[in-house]
Amino acid sequence: MRIELAGFCIRCGICEDLYPDLYKRNYQDHCMDVLYETIPAELQERAVQSAADCAVAAIKIIRD
Ligand code: SF4
């Protein structure tokens with residue numbers, strides 16, 4: 001499983017606030033970073049939940 005962030009992400013930071021184990025604000029590049037290339041099994045449920053919690057649906061779950 002991977003996470004892709006859409007270009008229309010508004011950088012509200014809610015994903016980092018709720019899921020700091022998955023997302024981090026990147027102040028240098030003015031974007032959000034996903035902390036894992038491949039989401040570890042123990043975080044996959046949270047990753048799916050984070051996609052549901054993004055107000056603009058910018059988080060896309062890619063299942064390999
Ligand atoms: S919650 Fe959604 S819109 Fe907000 S920073 Fe995260 S990915 Fe972007």
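**Close-up views of the predicted model**

**View 1. Leu5 and its surroundings.** Leu5 counts as partly exposed because it has 17 C-beta neighbours inside 10 Å (a residue is buried if 20 or more other C-beta atoms lie within 10 Å of its own, exposed if 12 or fewer, and partly exposed in between, with C-beta atoms placed from the backbone). The model is predicted: local features need pLDDT of at least 70, side-chain atom pairs count only at pLDDT 80 or more, and totals for chains, interfaces and linings use all residues. Residue numbers start from 1 along each chain as its sequence is written. Leu5 belongs to strand S1, residues 2–5 (helices, H or I of at least four residues, and strands, E of at least two, are DSSP runs numbered from the N terminus). Beyond four places in sequence, Leu5 is in contact with Met32, Val34, Ala58 and Ile59 (contact: C-beta atoms, placed from the backbone, within 7 Å). The C-alpha atoms of Leu5 and Ile61 lie 9.0 Å apart, although 56 residues separate the two in sequence.

**View 2. Met32 and the nonpolar core.** Met32 is one of eight residues in the largest nonpolar core, together with Ile3, Cys15, Leu22, Tyr23, Ile39, Ala47 and Ile59 (such a core is a set of buried Ala, Val, Leu, Ile, Met, Phe, Trp, Tyr and Cys residues joined through C-beta atoms within 7 Å). Apart from neighbours within four places in sequence, the contacts of Met32 are Leu5, Cys9, Arg11, Cys15, Glu16, Tyr23, Arg25 and Asn26. Buried residues account for 14% of the 64 residues in the protein.

**View 3. The shell around the ligand.** The ligand is surrounded by 13 residues, and the closest are Cys9, Cys12, Ile14, Cys15 and Cys54 (a residue is near if its C-beta atom, placed from the backbone, lies within 6 Å). The shell comprises 11 nonpolar residues, one polar and one charged (Ala, Val, Leu, Ile, Met, Phe, Trp, Tyr, Cys and Pro are nonpolar; Asp, Glu, Lys and Arg charged; the others, Gly among them, polar).

**View 4. Two loop residues with positive phi.** Arg11 is not a glycine, yet its phi is positive, about 55 degrees. Arg11 lies in the loop between S1 and helix H1 (14–18) and is partly exposed because it has 14 C-beta neighbours inside 10 Å. Ala57, also not a glycine, has a positive phi of about 55 degrees. Ala57 sits in the loop between helix H2 (44–53) and strand S4 (59–62) and counts as exposed because it has 11 C-beta neighbours inside 10 Å.

Key. Two residues are in contact if their C-beta atoms, placed from the backbone, lie within 7 Å.
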